[in-house]
Amino acid sequence: MTALAPPRLPTILPLGLARGALELRRFFRSRETVVFTFALPTVLLVLLGSVFGDHAEAQGVTSSQVLAAGMIAAGIMSTTFVSLGTDIAGDRDDGTLKRLRGTPMPAAAYFIGKVVLVAVTTVAQIVVMLTVAVAMFDLSLPDTAGDWLTFAWVFALGVVGCSLLGIAISSLARTARSASAVTQLPYLALQFISGVFVNPITALPTGLVVTASFFPVKWMAQGFRSVFLPDSMAAYEPAGTWELDRVALVLGAWCVIGLVLCLTTFRWRRGQDG
Amino acid sequence: MTDAAISVRGLRKRYRGSRRPAVDGVDLDVARGEVVALLGPNGAGKTTTVEILEGHRDRDDGEVAVLGTDPADGGRTWRARIGVVTQSATDLLELTPAEAVRHFARYYPDPRDPDEVLELVGLADAPRAVVKLSGGQRRRLDVALGIVGRPELLFLDEPTTGFDPQARRDFWRLVRALAAEGTTILLTTHYLEEAEVLADRLTVITDGVVVAEGSPATLAGRQSRPALVGWLEDGRPRTEATATPSALVAALGQHFGGEVPGLSVRRPSLEDVYLELLSAAAPEPALATAGGAR
């Protein structure tokens, strides 16, 4: 950039942002990826919301509104965990990572690029889902600063934790083709046992609830219910309260676990490359 | 040390679960500004060697210095000085060549002008998405991304596999232009004609060991090999190797009383020498008995 000698290596943050711009360009240019990434959780929300309909749970809250709050958690997991898991496995498979490894691009810039990609796609996903939920199921957006704050930190911790887990699970997939199968199983299973599709969560067998409580989706869904539903609905949670302190604790713990898993398992090369 | 681009002594690498080492004590020297081709059959250890030099792989043993640095410790500054063109990448599909080259230029402290690079590799008029490029154009994009950082040392791993003859010749012109600018190039290839055209020096590897080294004209004593004289006798082709081809041709002329049918005189091609080297270096167990007389 400058005429000063000797030329210095470009700094990391602008490179990371440039990678983010490139990732977004690639993402929005592959139309099937865009359509299906955004459509899957939204279509499920519309279908299941219509099936449950206006059946009133309590206090004027409908089943579809309870579902919508939980589906936002699932939407986050879809654009972070599932998308990143398959995307990075793809980068490993098609030579992206190998090519980057042969350049002076720092690894941090690659991950900043993925963070930018995930941040933009996840926000877009949530906007789409909230719009549908508000329009079709009369979900009301939070009206206090406190609820918005809760929304913000549940969203942030959920995105970071699930993204890190997505990066980690990408190393488990031997090829890009197996990656979508590898990520879909935990994604779908966790939705079923975490009180996303089945509400209230206490209607599930205790063993499943206990299992779900070890993973982030249950806590994200619970956090979002506390934001979008009246506080009286807390009575339907396993503890009878929103347990926001525990939501923060478990999601925070998964951020740490995810980071450790990433640092210990990330591979630049394909599994079969020896 | 500073005038050697690559210096390798006793390089060894064995993959997990494999009984034979992939690279078993390779020595290799490449001077600055030199173009060196690594030749050898599939599985000989060429790509493993190159990937260790690029810093893509660990080694088990040996001393390696690439631009004076051990690739295992090569940081960003070192990577900015090398260019790597690996085999078979299928990434960047949604971008155009220009977007890809401009983006990769940002990684380097002193990149070439992306438009000049596109011009140089002949992709200036290819505004289409990478996914629509032909195999040859795709490979030229790989080279563009490998040279955009103005590397002192360029690794080309089987760069022209799958090219048609015209594309191969265009590619050779590009590589020679880079070499003329002073870029040191380490090339692996299966095409002996390519090695002969491009390389100052050849190194033949088989079973992880260097079996021959030399210039294309003198590899394995090629220049002093007997000439091969061929002709037709009773409608059947005959060949004879001789150190004195003129005398043999004169004798044949007398024998036939004039024109010798189907006469040809040639020196062993690089391919002849190369194939001989391979069969001498690593005879297949079944062939070793059959061809034992050689």
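Is Trp148(A) buried, exposed or partly exposed? In this predicted model, Trp148(A) is partly exposed, because its relative accessible area is 37%, and the cut-offs for that class are 20% and 50%.

## Surface patches

Trp148(A) belongs to helix α6 of chain A, which covers residues 145-170. Together with Val134(A) and Leu141(A), Trp148(A) makes up a nonpolar patch on the surface. The accessible area of these residues together is about 250 Å².

A patch of another kind is found on chain B, where Asp58(B), Asp60(B), Asp61(B) and Glu63(B) form a negative surface patch. Glu63(B) is part of strand β4 of chain B, residues 61-66. With a relative accessibility of 60%, Glu63(B) counts as exposed.

## Chain B as a whole

Chain B contains 10 helices and 12 strands. Its C-alpha trace extends over about 70 × 45 × 35 Å along the principal axes. Of the 294 residues in chain B, 48% are buried. Among contacts in chain B with a separation of 6 or more, 66% are between residues 24 or more positions apart.

The accessible surface of chain B amounts to about 13800 Å², and carbon and sulfur atoms account for 49% of that area. The chain carries 35 positive and 43 negative side chains. The centres of these two sets are 2 Å apart.

## Covered elements of chain B

Helix α1 of chain B, residues 46-53, is mostly covered, with 7 of its 8 residues buried. The buried residues in α1(B) are Lys46(B), Thr48(B), Thr49(B), Val50(B), Glu51(B), Ile52(B) and Leu53(B). Just after this helix, Gly55(B) adopts a positive phi of about 85°.

Leu174(B) is placed in helix α6 of chain B, residues 165-180. Leu174(B) is buried, since its relative accessible area is 6%. Apart from neighbours within four places in sequence, Leu174(B) contacts Leu120(B), Val121(B) and Val143(B). Between Leu174(B) and Gly122(B) there are 52 residues in sequence, and the C-alpha to C-alpha distance is 9.2 Å.

## A salt bridge between the chains

Side chains of opposite charge can pair when their charged atoms come close. The count over all chains comes to 34 salt bridges. One of them is formed by Arg99(A) and Asp91(B), at 2.9 Å from N to O. Arg99(A) sits in helix α4 (residues 96-101) of chain A and Asp91(B) in the loop between β5 and α3 of chain B, so this pair joins two chains.

Both partners are covered: Arg99(A) counts as buried at 10% relative accessibility, and Asp91(B) counts as buried at 1%. The loop that holds Asp91(B) runs between β5 (82-85) and α3 (97-105) of chain B. Beyond four places in sequence, Asp91(B) touches Asp94(A), Gly95(A), Thr96(A) and Arg99(A), as well as Val130(B) and Arg138(B).

## Salt bridges within chain B

Arg150(B) and Asp110(B) form a salt bridge in which the closest N and O atoms are 3.5 Å apart. Arg150(B) lies in the loop between α5 (135-147) and β6 (153-157), and Asp110(B) in the loop between α3 and α4 (114-121), so the pair ties together parts that are 40 residues apart in sequence. Arg150(B) is partly exposed at 41% relative accessibility, and Asp110(B) is partly exposed at 38%.

Asp272(B) and Arg266(B) also meet through their side chains in a salt bridge, with an N to O distance of 2.9 Å. Asp272(B) counts as partly exposed at 25% relative accessibility. Arg266(B) is partly exposed as well, with a relative accessible area of 41%.

A network of salt bridges links Arg19(A), Glu23(A), Arg26(A), Asp87(A), Asp91(A), Lys114(A) and Glu94(B). Tyr110(A) touches several residues, including Arg19(A), Glu23(A) and Asp91(A).

Tyr110(A) lies in helix α5 of chain A, residues 107-137. At 0% relative accessibility, Tyr110(A) counts as buried. Phe197(A) is 87 residues from Tyr110(A) in sequence, and their C-alpha atoms are 35 Å apart in space.

Key. Residues are numbered from 1 along each chain as its sequence is written. Chains are lettered from A and ligands numbered from 1 in the order in which they are written. This is a predicted model: local features need pLDDT of at least 70, side-chain atom pairs count only at pLDDT 80 or more; totals for chains, interfaces and linings use all residues. Side-chain values use heavy atoms; hydrogens and water are left out. Helices (H or I, at least four residues) and strands (E, at least two) are DSSP runs, numbered from the N terminus. Buried means under 20% relative accessible area, exposed over 50%, partly exposed in between (1.4 Å probe, protein chains only). Contact means heavy atoms within 4.5 Å. Patches are made of residues with over 30% relative accessible area and no salt bridge: like charges are joined within 9 Å, nonpolar side chains (Val, Leu, Ile, Met, Phe, Trp, Tyr) within 5 Å. Accessible areas come from the Shrake-Rupley method with a 1.4 Å probe; for residues, only the protein chains shown count as cover. A salt bridge is a side-chain nitrogen of Lys or Arg within 4 Å of a carboxyl oxygen of Asp or Glu. Lys and Arg count as positive and Asp and Glu as negative; His and the chain ends are not counted. The place of a charge is taken as NZ of Lys, CZ of Arg, CG of Asp or CD of Glu.
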